[in-house]
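I opened this structure to look up a few things and keep notes. The entries below follow the order in which I looked.

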Amino acid sequence: MDPLHSFPLVEELVPAPDPEDVFLRMARLPHCLFCDSAVRHPGPVPNHVSSGAQKGTVPFLWRPRCRVVPATKIGTVPHPLLGRYSFLAADPFQFIQCPADGGDALGVLAGQLGPLTTPTIDDLPPFQGGAAGLLSYDLGRSLETLPTPGIDELQLPSLAMGLYDVVVAFDHALGRAWIISQGFPETGAASRRARAVERLKEARGWLTGDPGRAPRRTAAQIAMVRQGALAAQYEVDGAADITSNFSRQGYLQAVQRVIDYIRAGDVFQVNLSQRLLCPAREESPALYRRLRACNPAPFAGYFDAGGFQVLSASPERFLCVRGREVETRPIKGTRPRTGDPRLDRPAEAELLASEKDRAENVMIVDLLRNDLSRVCQPESVRVSQLCGIEAYEHVLHLVSAVRGRLRDECSPLDLLRAAFPGGSVTGAPKIRAMEIIAELEPTARGPYCGAMGYWGFDGSLDLSILIRTITAAGGWWQFCVGGGVVAQSVPEREYEETWHKAEGLLQAVSRP
């Protein structure tokens, strides 16, 4: 037997610990990453899953806070196992960071990851080590010729990723957890095994560490970007210490300018956002705990890039690759909800019947079909879900799913270059929409509307779209909220929609 086939080393944690508790213990470590399914869709474990539990059943009671509305004539029930897995990693053996104008950042990442390709173990959670972290929205400028944003006070990198050889992985459907140790960057069988054993031992120590030792990240301890160095800020009614880079009237005028571009034939849709800002008041791990409680989501996450942290409650998958199969799940169409299913039904019916929201969603589905067709077998690209409703803590969304199969000569790197950033957060056509975003939005987006997640040693990929996301940097908490503007848009309603999406974020930052 080839000795390399014995990798990675795996140790099951019995009983499985609580992921939040493990996060608090690991948050003090360098470059802590938490791919956090803070809320999960209900559903049975598929029969092909091998475990000690009875196949086809869930061995504990699901109490999802993300409700799936039954299928309608124009929507289908989402995949029942979205949000099945969570992953924690820290202390990467290499950390890669590229500035916004740093050339081919994706090529740099692929070059570091390529020599470390290795298969994974079946029947374990899919991320068993690899590159993980942040692809900022501004990474798009390394893929296309685009204007620079007007003001970029925080100067955050376009890419920040660690190469992680140890992962703590959770399967929520089975109620099980494992430490997985790859032994990289060593590549010889003996040296790799020795490192894998040592790192597995270290990881056991992480899980018994004192959660109170998590580093404090207060405004006083961070080199703060001075108020005078910020773009113009406008007070927000009813929200102390929170400002926007748009006045209300300024945002309405920007939406109208987009509508004018659409009517002139420049573009079909533009995703326009406003940036909210407030002083950082406490450590980022504590803020993330509140965010995941206020706004639970299946693609949530936390990433400590060293000089800044990204805290996300994203409901949206950007790209997933398993083997050669690709999936993207764009969200377009939003209504506020009360939390009472009976009271939410009129909003559900209104959202399903809305020509404007359906048009917004279908435009992005078409854009993503085109993006995937650049690297997938043409006959494989299909829409597996169109305008299904998913209900989250504060909002209802229209969600679609597009799937395809990578061509033999194409890789996840080719897919990223073809599809980044996600069309649901830019508009259509994508390049012209991004030019308009750079013209109308006063400040750089940074991580917002980029992606967070992993690219595994086995070639698997799973990335979220960074919406419902807070960036803690420069002594500030920055969080943007926006929506897709189309020809049927009403500026006042677009402005209101941004505040519906901000509700969970505002709850988190307002309760230190």
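I took elements as DSSP runs, numbered from the N terminus: helices are H or I runs of at least four residues, and strands are E runs of at least two. The model is predicted, so I noted its limits: local features need pLDDT of at least 70, side-chain atom pairs count only at pLDDT 80 or more, and totals for chains, interfaces and linings use all residues. Residues are numbered from 1 along each chain as its sequence is written, and side-chain values use heavy atoms, with hydrogens and water left out.

**Entry: cavities**

I counted cavities on a 1 Å grid over the protein atoms alone; a cavity is a set of points where a 1.4 Å probe fits but cannot get out, and lining residues have an atom within 4 Å of a point. Points are joined across faces, edges and corners, and a volume is the space filled by probe spheres set on them. I found 5 cavities of 30 Å³ or more.

The largest cavity holds about 170 Å³ of space. Its lining has 20 residues, and Asn 271, Ile 467, Arg 468, Gly 482 and Lys 501 are the closest to its centre. Strand E17 (331-336), strand E24 (476-485) and helix H10 (491-509) each give two or more residues to this lining. Which element gives the most to it? I found that E24 does, with 5 residues.

I sorted linings by class: Ala, Val, Leu, Ile, Met, Phe, Trp, Tyr, Cys and Pro are nonpolar, Asp, Glu, Lys and Arg are charged, and the others, Gly among them, are polar. The largest cavity has 6 nonpolar, 8 polar and 6 charged lining residues.

The second largest cavity holds about 130 Å³. It has 14 lining residues, with Tyr 137, Asp 138, Pro 147, Met 434 and Ala 438 nearest its centre. By class they are 8 nonpolar, 2 polar and 4 charged.

**Entry: Phe 184**

I located Phe 184 in the loop between strand E9 (176-181) and helix H3 (189-207). Is this residue buried or exposed? Phe 184 counts as buried because its relative accessibility is 3%; buried means under 20% relative accessible area, exposed over 50%, and partly exposed in between (1.4 Å probe, protein chains only).

Beyond neighbours within four places in sequence, its contacts (heavy atoms within 4.5 Å) include Phe 93, Leu 116, Asp 165 and Phe 457. Leu 116 is 68 residues away along the chain, yet the two C-alpha atoms are 7.5 Å apart.

**Entry: cysteines**

I looked for disulfides, pairs of cysteine sulfur atoms within 2.5 Å, and found 0. The sulfur of Cys 449 has its closest cysteine sulfur in Cys 480, at 7.4 Å, which is too far for a bond. Cys 449 is buried at 0% relative accessibility.

Note on methods
On a 1 Å grid over the protein atoms alone, a cavity is a set of points where a 1.4 Å probe fits but cannot get out, and a pocket is an open set with protein on both sides within 12 Å along at least five of seven lines; lining residues have an atom within 4 Å of a point.
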